Amino acid sequence: MEAAADPGNLAGVRHIILVLSGKGGVGKSTVSTELALALRHAGKKVGILDVDLCGPSIPRMLGAQGRAVHQCDRGWAPVFLDQEQSLSLMSVGFLLEKPDEAVVWRGPKKNALIKQFVSDVAWGELDYLVVDTPPGTSDEHMATVEALRPHQPLGALVVTTPQAVSVGDVRRELTFCRKTGLRVMGVVENMSGFTCPHCAECTSVFSRGGGEELAQLAGVPFLGSVPLDPELMRSLEEGHDFIQEFPGSPAFAALTSIAQKILDATPACLP
């Protein structure tokens, strides 16, 4: 009988959620960042693992550019984003000498770093680890799933935008999840209309309802629609906490509702 994997630095992590999409530009990093912030404001300890090695945008979205990763007795200490250490982050963006340096690596080097991120980051006690992934269904995704599989990830949150081109590509991501045995927790439709800040009228900039239709066809939960919001975009650009600063916005309502559904779908976290 095969021995169980040593939990190592993930021993204190209760739930692992992968944020996936077969298409670029749908807002996986946005959803990962805001989901982590919403879970944190719900009283949970959260970590974000950014494995988008060629496009590490989360350090900027959380105002952590220029921070350094330090060694500790158990490996790499993640970057803590608050004094309470309730939100932590690890990204290749912290390992580059220059923020605009291109990551020109072949697959084996990318896969080795992903495995190192999984094994060597000292997360400590976390309620949730949110894993932001690059677009596609290739080497980095396989390396991430295989490295995390022994630690029993909770499942995948799949992000799409409403239009048919995006939904078609994201459908392939659902196939990837089935083939790799990764449970789909639900679908999020991002950029779902634009709510005018002056008259509150919602305009469908793209089409509408593609994410919900995809969830129905796949037989998985539809977690919600996140509208385009100028304040959300500005918060991400400037590294501010949107969840804290704009509690009355439609995007806030959508993101906190998605976070609550994640909380409701997972076993109670230990104190």
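Ser 29 counts as buried, with a relative accessibility of 10%; buried here stands for under 20% relative accessible area, exposed for over 50%, and partly exposed for what lies in between (1.4 Å probe, protein chains only). The place of Ser 29 is in helix H1, where helices (H or I, at least four residues) and strands (E, at least two) are DSSP runs, numbered from the N terminus. Not counting residues up to four places away in sequence, Ser 29 touches Ser 57, Ile 58, Met 61 and Asp 132, a contact being heavy atoms within 4.5 Å.

A word on the ground rules: this is a predicted model, in which local features need pLDDT of at least 70 and side-chain atom pairs count only at pLDDT 80 or more, while totals for chains, interfaces and linings use all residues. Residues are numbered from 1 along each chain as its sequence is written, and side-chain values use heavy atoms, with hydrogens and water left out.

Let us turn to strand S2, residues 46–50, where five of the five residues are buried. Val 46, Ile 48 and Asp 50 point one way from S2, with Gly 47 and Leu 49 pointing the other way.

Leaving aside neighbours within four places in sequence, Leu 49 is in contact with Met 90, Phe 117, Val 118, Trp 123, Leu 129, Val 130, Val 131 and Asp 132.

Helix H6 (residues 210–218) has Gly 210, Gly 211, Leu 214 and Ala 215 as its buried residues. Seen down the axis of H6, these fall within an arc of 135 degrees, so they line one face of the helix; the arc is that of the directions from the helix axis to the C-beta atoms. On the face turned away from the buried side, H6 carries the exposed residues Gln 216 and Leu 217. The cover over the buried residues of H6 includes strand S8 (155–160), helix H5 (164–180), strand S9 (184–195) and strand S11 (222–228). Gly 219 follows H6, with a positive phi near 70 degrees.

In helix H7 (residues 230–238), the buried residues are Leu 232, Ser 235 and Leu 236. Down the axis of H7 they fall within an arc of 95 degrees, so they too line one face of the helix. Their cover includes helix H1 (28–41), helix H2 (58–61), helix H8 (242–245) and helix H9 (250–265). At the start of H7, a side-chain oxygen of Asp 229 comes to within 2.8 Å of the backbone nitrogen of Glu 231. Just after H7, Gly 239 takes a positive phi of about 75 degrees.

**Single residues worth a look**

Positive phi also turns up in residues other than glycine: Gln 152 is near 55 degrees, and so is Met 191. Gln 152 lies in the loop between H4 and S8, whereas Met 191 lies in strand S9. Ala 147 belongs to helix H4 (residues 139–148) and, beyond its neighbours within four places in sequence, is in contact with Lys 115 and Val 118. The C-alpha atoms of Ala 147 and Pro 162, 15 residues apart along the chain, are separated by 31 Å.

The structure holds zero disulfides, a disulfide being a pair of cysteine sulfur atoms within 2.5 Å.

| Residue | Relative accessibility | Class |
|---|---|---|
| Ala 147 | 17% | buried |
| Met 191 | 19% | buried |
| Cys 72 | 30% | partly exposed |
| Cys 54 | 47% | partly exposed |
| Gln 152 | 69% | exposed |

Key
A polar contact is a pair of N or O atoms within 3.5 Å; within protein, one must be able to donate a hydrogen and the other to accept it, and residues adjacent in sequence count only if both atoms are side-chain atoms.
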